[in-house]
Each structure stands twice: as C-alpha cells, then as structure tokens.
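Have the viewer open and follow along.

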Amino acid sequence: MAVELIATGRAVPSRRVSNEDIAKTVDTSDEWIRSHTGIESRYIADDDAAVSDLAVEAARNALKMAVDRAEVGEKSPEELAETLDLIVLGTTTQDYYGCPATSCLVQNRLGAKKAAAMDVTVACSSFIYGLETAAALLSSDRRRRRALVIGAETLSRITDWTDRESCILFGDGAGAVLLEKREGAPAKRGISKDRGLVRTVLGADGSGWENLIIRRGGSRNPWKTGETVAINPHVEMNGRAVYNFAVRVITETIAALMEEESLTIQDIARIIPHQANARIVQAAGKRLGIPEEKFFLNIGKYANTSSASIPIALDELNRSEQLRRGDLVITVGFGAGLTYGGNLIVW
Ligand code: ACO
C-alpha cells in the first residue's frame with residue numbers, strides 16, 4: 001500500500017511587487033535584496049482576498065489536473081471533491097483567528113462534503129508536517145483513500161512593512177497536492193520502494209521560539225479593550241539566528257533522509273527546499289557537497305511564501321514535466337517554532 005501524490009495545483013495573486021517597489025517605502029535596494037536573498041519579486045494578495053481564496057483556487061487546480069490527466073475515474077473536479085476523505089491545510093495566516101479552521105472554509109467551498117478538515121500551523125514547515133499527517137491518516141483507516149494537502153499564505157497581512165530586514169522576504173500564494181492510497185507500483189529507479197511518500201523527518205527546537213514570533217493577540221499577550229496600537233500583529237525575526245538554524249537543519253535532514261534509505265545524491269532527481277533565502281540553500285548544499293542544480297529554486301519570483309513554497313514548487317516542476325514518474329524527490333524546510341522536516345517521495 002502506498003500513498004501517492006497524483007496531482008498538484010497552485011494559485012498566486014496577480015499583483016506583482018518588485019524589489020524596486022519596496023525600495024520606494026523602506027531604506028533598501030534591488031541590489032541588496034537580490035545579493036542577500038536571491039529574491040527579485042513577490043506576489044501580494046488584494047485587500048479583499050483571504051488565505052482560503054488562494055487555497056481553494058490551488059485545490060481546484062490540483063483536482064482539475066487529476067481529472068485532465070485521467071489519474072482518477074471522476075469526470076469533473078466537483079465530482080472528485082466529493083470523494084475526498086481529508087483536507088489538511090498548512091498556514092500561519094488563517095482567515096479567522098483561532099476558529100474556524102481555514103480548512104473547513106475550503107472544504108465547504110470545494111463541496112468536499114465527506115472530508116474531515118484540519119489546519120496544521122507550524123509556520124513554514126506546515127506543508128511537510130501536513131503531508132506526513134495526511135499520509136498517516138490515510139494509512140491508518142482502510143476507508144480513507146483520498147486527501148488534499150494544501151499550503152497557503154497571505155504573509156503580507158502579518159508583515160511589518162516598516163521593517164526592512166523582514167518585509168523584503170515575504171510573498172503570498174498557495175499550493176496543493178492530491179494524495180491517493182493505492183496498491184503500490186515500484187519506483188523505476190534508485191530504490192525498490194513503491195511510488196508515493198516513502199518517509200518523513202520531522203523535528204522541532206522550541207528553545208528558538210522567540211526567533212520568529214507574532215507577539216500580539218495570543219493568550220500570552222492578548223489585545224485589550226480600548227487599546228490602540230500603531231501596527232497590526234506582525235512577524236518579528238532574529239534573521240541571523242534563523243539563518244544559522246536553517247543551514248544546520250536542512251543539512252541534517254537531507255543527510256538523514258538519504259542515509260536511512262542508503263541513497264546517494266545520484267539517486268535523487270531533485271531537492272525542493274523551502275524558499276526562504278537562496279543563500280541558505282547554497283550554504284547547505286556546499287556543506288553536503290551537493291551541486292547547486294539539484295536544488296529547485298523559484299524564490300526569485302515568489303519570495304518566501306512559507307507553507308506554500310514547497311507545494312508551489314512541486315506544481316511548477318510537475319506541470320512543466322520536470323518530474324517523471326519514479327523520480328526520487330526530497331522536500332526540506334524549516335520555520336517558526338522553530339520547526340523543521342523533510343519528505344522523501346517517489347514521484
Ligand atoms: N536592505 C538594506 N540593508 C539591509 C536590509 C535591507 N533590506 N536588511 C538588513 N540590512 C542591513 C543591516 O542593517 C546590516 O547593516 P549594518 O551592517 O550596518 O548593521 C547589514 O544589512 C547586514 O545585515 P545582516 O543581518 O548581517 O544581513 P544578512 O546577510 O544576514 O541577511 C537576512 C539578513 C536576509 C534576514 C538573513 O539573515 C536571512 O535570510 N535570515 C533568515 C530569515 C528567514 O528565513 N526567515 C524565515 C521566516 S519564515 C516564517 O516562519 C514566517
């Protein structure tokens with residue numbers, strides 16, 4: 001029995017914001033942002049768009065791909081949505097604070113009437129955690145067969161647009177992957193595993209909880225009646241500490257996934273890292289002796305879309321047919337918490 005990734009989708013707002021646009025409002029430059037992060041632009045949601053709008057669009061695109069590519073017997077995305085058993089949505093920027101879970105809003109709009117729905121909120125690691133969660137829930141009950149895993153963010157809503165160190169980093173977007181539990185077909189190359197999710201590394205180091213944080217609005221520091229504050233809840237970041245953590249855990253996670261399956265880098269078709277900073281990925285690659293071209297990077301275009309960055313990348317690679325059935329793929333990422341993880345997938 002294998003949990004296969006059978007279709008992907010993505011959604012990105014139409015409004016593109018370049019580095020030059022940002023340099024009009026804070027003291028920075030296109031040259032600084034490119035050379036320190038690899039970012040050239042980001043897409044920002046309109047004021048009336050919420051994260052569920054992006055999530056629904058990405059999900060519909062994944063369902064449509066499954067129908068168009070005849071991965072499923074259903075004749076339309078709507079019919080396919082009705083067969084879903086589970087929706088797992090990774091996000092840091094829910095439509096509503098606390099409840100309802102944004103995945104429930106997505107379930108309703110997709111017409112996925114029989115699907116259970118839950119949010120996963122471990123910041124940029126949410127898609128990696130979500131994929132493992134969904135696969136485990138499909139595997140644990142024979143009646144569950146199909147799941148959607150979505151990563152969606154409107155980080156622009158929790159960005160301090162006056163902080164030049166963090167506001168240059170973030171963008172909005174969503175990506176989705178459709179999972180189906182199947183009998184299993186052997187991988188074509190590398191290892192003798194069935195297609196689908198092979199294994200996942202998950203981890204956390206809560207001692208770094210303060211390095212990436214939204215301080216206001218939770219039970220530790222609630223809003224008070226009548227209080228006026230200068231800016232909305234926003235991410236505060238110790239950039240250097242996060243950078244060092246990221247290089248270390250990316251290196252360790254890739255090494256662990258390969259070691260556990262006795263793989264060499266030649267067996268791996270593509271590594272899809274969380275797109276936070278191109279220099280983080282380059283530093284981790286250097287430590288492992290992995291050539292740069294093994295890593296897929298689209299941070300230049302989208303910036304850091306947190307939970308959405310890996311599923312957006314998967315969809316770009318899948319639609320452009322840069323991934324072939326049987327390819328071995330590693331996803332790897334890190335985020336607030338601090339959390340980290342990676343998935344080894346036979347495509
Ligand atoms: N434009 C121009 N100068 C800047 C900017 C900017 N946007 N930002 C910082 N600087 C300046 C600093 O003030 C500093 O100046 P100084 O030397 O006069 O003090 C100088 O540039 C160098 O600053 P550093 O912090 O050393 O720059 P660094 O090369 O480390 O890059 C960065 C900073 C990009 C934030 C990096 O540390 C990083 O990417 N960290 C990881 C961030 C991350 O991945 N966050 C994840 C968030 S995801 C989530 O969970 C929502």
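Where does Ala70 lie? Ala70 is in the loop between α3 (51–68) and α4 (77–81). Its phi is near 55°, a positive value in a residue other than glycine. Helices here are DSSP runs of H or I with at least four residues, strands are runs of E with at least two, and both are numbered from the N terminus.

Some ground rules: this is a predicted model, local features need pLDDT of at least 70, side-chain atom pairs count only at pLDDT 80 or more, and totals for chains, interfaces and linings use all residues. Residues are numbered from 1 along each chain as its sequence is written, and side-chain values use heavy atoms, with hydrogens and water left out.

**Two domains**

The chain splits into domain 1 (2–182) and domain 2 (188–346), with bounds from an automatic or database domain assignment. Their centres, taken over C-alpha atoms, are 15 Å apart. Domain 1 puts 57 residues into the contact and domain 2 puts in 55, where contact means heavy atoms within 4.5 Å. About 4200 Å² is buried between the two domains, and carbon and sulfur atoms give 58% of that. Buried area is the accessible area (1.4 Å probe) that two parts lose on being put together, summed over both. On the domain 1 side, Arg10, Cys124 and Ile128 lose the most area to domain 2, together 16% of what that side buries.

**The ligand**

Both domain 1 and domain 2 give residues to the shell around the ligand, so the ligand lies between them. There are 24 residues around the ligand, and Thr28, Arg164, Gly239, Arg240 and Asn277 come nearest; a residue counts as near if one of its heavy atoms lies within 4 Å. By type, the shell divides into 13 nonpolar, six polar and five charged residues. Nonpolar here is Ala, Val, Leu, Ile, Met, Phe, Trp, Tyr, Cys and Pro, charged is Asp, Glu, Lys and Arg, and the others, Gly among them, are polar. α2 (30–37), α7 (164–167) and α8 (239–260) each supply at least two shell residues, and α8 gives the largest share, four residues.

Here are some polar contacts, meaning pairs of N or O atoms within 3.5 Å:

| Side chain | Ligand atom | Distance |
|---|---|---|
| Thr28 | nitrogen | 2.7 Å |
| Trp32 | nitrogen | 3.3 Å |
| Arg240 | oxygen | 2.7 Å |

Taken alone the ligand exposes 1000 Å², and the protein buries 75% of that; these areas come from the Shrake-Rupley method with a 1.4 Å probe.

**Cis peptides**

Cys99 and Pro100 are joined by a cis peptide bond, omega about 0°. Pro100 is in the loop between β4 (86–90) and α5 (102–110). The bond from Gly337 to Leu338 is cis too, with omega near -5°, and Leu338 sits in the loop between β12 (328–335) and β13 (339–346).

Key:
A polar contact is a pair of N or O atoms within 3.5 Å; within protein, one must be able to donate a hydrogen and the other to accept it, and residues adjacent in sequence count only if both atoms are side-chain atoms.
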